[in-house]
Every structure is written in C-alpha cells, then in structure tokens.
Amino acid sequence: MNSMTARIRILISFIFLPVFALCQQKQIDSLEGLLKNPTVDTLQIDRLLMSSKLLWNSDPSLSLRRGKEALVLSQRLADSHRIGLSYISIGNAYLIPFQNPDSAIVVYKKAISLTELSNDKYVRAMALNNIGNCLKVKGKVGESQRFYEEALVIRKEIHDSSGIAATTSNLGTVYYQKGDLKRALDLYYEALPFKERDGNKAALASTYQNIGLVHLDRSEPDKAIEMIGKAKDLYILIGDV
C-alpha cells in the first residue's frame with residue numbers, strides 16, 4: 001500500500017463515524033412517546049416497525065421486542081402485508097444488532113412463505129435480499145449472489161427504486177469480495193442514480209464511499225478522493241439535521 005492510499009484510508013476511518021446518532025435518538029424518543037398510546041391500528045404497527053429499526057444500535061433487545069409487538073398487532077388485524085414486514089423487522093433485529101444470521105434466515109423464510117399466498121412481491125423481494133445479506137455475513141458469497149439476483153428481478157418488476165438501489169449495491173459488494181473490481185464498480189455506479197433520486201442521504205453516502213474504496217483499490221486516487229469527499233459532505237449534512 002503506497003503512502004497516498006494509506007493516507008486516504010486513515011481519512012476514511014475518521015470521516016465515517018455515526019455522526020447522525022443524536023438525530024436518531026430524537027426520532028426514537030418521539031416514537032416511544034407515541035407508542036405509549038395502546039391503539040390497535042396500522043399507524044401503531046408502522047410506528048413499532050420504525051422504532052425497531054431505529055433501536056438497532058442503542059437497544060437491540062427492545063428493537064427485537066418492537067418487531068414482535070408489530071407482528072402480534074398485524075396478526076390481530078389480519079394485515080398480511082404488515083405481517084410480512086414484521087417478520088422482516090424481526091429478522092433484521094436478529095441479523096444486524098445480534099449478528100445472528102441463522103435465526104434471521106428462519107424468520108425471513110416465514111415472510112417468503114407468507115407471500116406464496118398473498119403474492120406480496122415487495123415483501124418477498126425484501127426477504128430474498130436480506131437472506132442474501134445473511135449468507136454474505138456467513139461467508140457464503142456465491143449463495144448470496146443467487147438471492148440478490150432473484151430479489152433484483154422482482155424489484156425491477158415492481159419498480160421499487162430504493163430496493164433496486166439496495167440490491168444492486170449488494171451485488172456490487174459481492175463482486176468486490178470476489179475480487180472483480182470492474183464489475184463491482186459498474187454495479188455501484190448503476191445503483192447511484194436510484195439513490196440520488198430517492199433522497200436517502202445515508203444510503204447515498206455509503207455508495208459514494210464504496211465507489212471511492214473501489215477506485216482506491218484500482219489505484220485511482222483522484223477518483224477515490226472525489227467520491228470520498230462527496231460521502232463526507234453528506235455525512236456532515238446528516239449530522240446537522
């Protein structure tokens with residue numbers, strides 16, 4: 001590793017800290033206040049699902065509990081779409097804060113089974129994508145690619161732009177791990193316009209960061225610095241929200 005590459009990697013380690021933790025905590029506090037009202041409706045379920053996601057880092061156990069609470073309410077209302085989303089939420093809690101991909105896969109497969117009856121392609125694609133994430137965590141990169149590719153077909157069919165962006169980026173990471181830097185870079189750039197349109201600054205910053213790292217590994221420091229600079233600006237903006 002030359003001195004320029006080393007300096008850039010050190011810069012990255014300082015830039016990409018959780019600069020928006022304070023903003024997330026404000027959202028958590030607001031949601032927790034609303035959840036004290038014990039209603040049984042779709043709005044309450046959506047609040048539980050959002051709370052589960054926001055709690056991944058600060059309180060994994062509560063995150064898992066919120067996902068399970070959403071499942072109970074969804075089942076009570078016989079809302080098949082939100083039952084599927086609740087399974088996804090529970091699986092995400094197992095996968096992300098608890099680092100338990102095996103338990104996550106079990107729950108994601110329940111979501112897939114549900115879609116056999118409901119034909120909920122949105123939930124099915126999400127579950128397939130997330131099983132790909134689990135397999136990637138387990139080091140089964142080849143298997144994860146198959147799930148990502150199946151998810152991507154569905155997401156393109158239903159015009160799920162944020163889903164297309166996420167799964168295309170995930171495939172980019174698969175090719176990066178396989179050492180195919182050109183294909184990885186092509187996929188990251190393919191995901192970029194979807195993420196730019198969606199307005200999810202954190203996801204966009206992550207893609208800029210990934211592109212920068214691939215350029216760095218391809219010994220293209222000028223491009224790497226440009227993309228990492230864009231990622232840095234977005235992370236700073238998120239922290240100022």
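In which crossing, left-handed or right-handed, does helix 9 pass helix 10? I opened my notebook with that one, and I found that helix 9 passes helix 10 in a left-handed crossing. A reminder to myself before going on: this is a predicted model.

**Entry: the whole chain**

I looked up the overall make-up next. I counted twelve helices and zero strands in the chain. Read from the N terminus, the order of elements is α-α-α-α-α-α-α-α-α-α-α-α. Of the 241 residues in the chain, 46% are buried. I then checked contacts between residues at least 6 apart in sequence, and 54% of these join residues at least 24 apart. For the surface I noted an accessible area of about 12,200 Å², with 55% of it belonging to carbon and sulfur atoms.

**Entry: helix 9 with helix 10**

Back to my opening pair. Two packed helices are described by the angle between their axes and the distance between the axes. Helix 9 covers residues 161-177 and helix 10 covers residues 181-198, and I found them packed at an angle of about 160° with axes 8 Å apart. An angle over 145 degrees counts as roughly antiparallel, so helix 9 is roughly antiparallel to helix 10. I listed who makes the contact: from helix 9 there are S161, S162, I164, A165, A166, T168, S169, L171, G172, T173, Y175 and Y176. From helix 10 come L181, R183, A184, L187, Y188, E190, A191, F194, K195 and D198. Sorted by class, this contact holds twelve nonpolar, six polar and four charged residues.

**Entry: helix 3 with helix 5**

How are helix 3 and helix 5 oriented to each other, roughly parallel or roughly antiparallel? I looked up the axes of helix 3 (residues 42-54) and helix 5 (residues 80-95), which come within 10 Å and cross at roughly 15°. The cut-off for roughly parallel is under 35 degrees, and helix 3 and helix 5 are therefore roughly parallel to each other. Helix 3 passes helix 5 in a left-handed crossing. On the helix 3 side I wrote down T42, I45, D46, L49 and S52, and on the helix 5 side R82, L85, S86 and S89. By class, I have three nonpolar, four polar and two charged residues in this contact.

**Entry: N92**

I stayed with helix 5 to look at N92, which lies in this helix. Is N92 buried or exposed? Its relative accessibility is 14%, and buried means under 20%, so N92 counts as buried. Leaving aside residues up to four places away in sequence, I found N92 touching W56, P97, Y108 and N130.

**Entry: two loop residues with positive phi**

A78 sits in the loop between helix 4 (60-76) and helix 5. Its phi is near 55°, a positive value in a residue other than glycine. A78 is exposed, with a relative accessible area of 64%.

Q99 lies in the loop between helix 5 and helix 6 (101-118). Here phi is near 50°, again positive in a residue other than glycine. At 55% relative accessibility, I have Q99 down as exposed.

**Entry: I225**

Which distance separates the C-alpha atoms of I225 and G212? I read off 6.7 Å, for two residues 13 apart along the chain.

Key. Residues numbered from 1 in each chain as written. Predicted model: local features only at pLDDT ≥ 70, side-chain atom pairs only at ≥ 80, totals over all residues. Heavy atoms only, no water. Helix = DSSP H or I, 4+ residues; strand = E, 2+ residues; numbered from the N terminus. Buried < 20%, exposed > 50% of the residue type's maximum accessible area, 1.4 Å probe, protein only. Contact = heavy atoms within 4.5 Å. Areas by Shrake-Rupley, 256 points an atom, 1.4 Å probe, with all protein chains shown as cover. Axes fitted to C-alpha atoms, helices over the stretch in contact; angles between N-to-C directions. Parallel < 35°, antiparallel > 145°, perpendicular 65-115°, else oblique. Left-handed = near helix turned anticlockwise from the far one by under 90°. Nonpolar A, V, L, I, M, F, W, Y, C, P; charged D, E, K, R; others polar.
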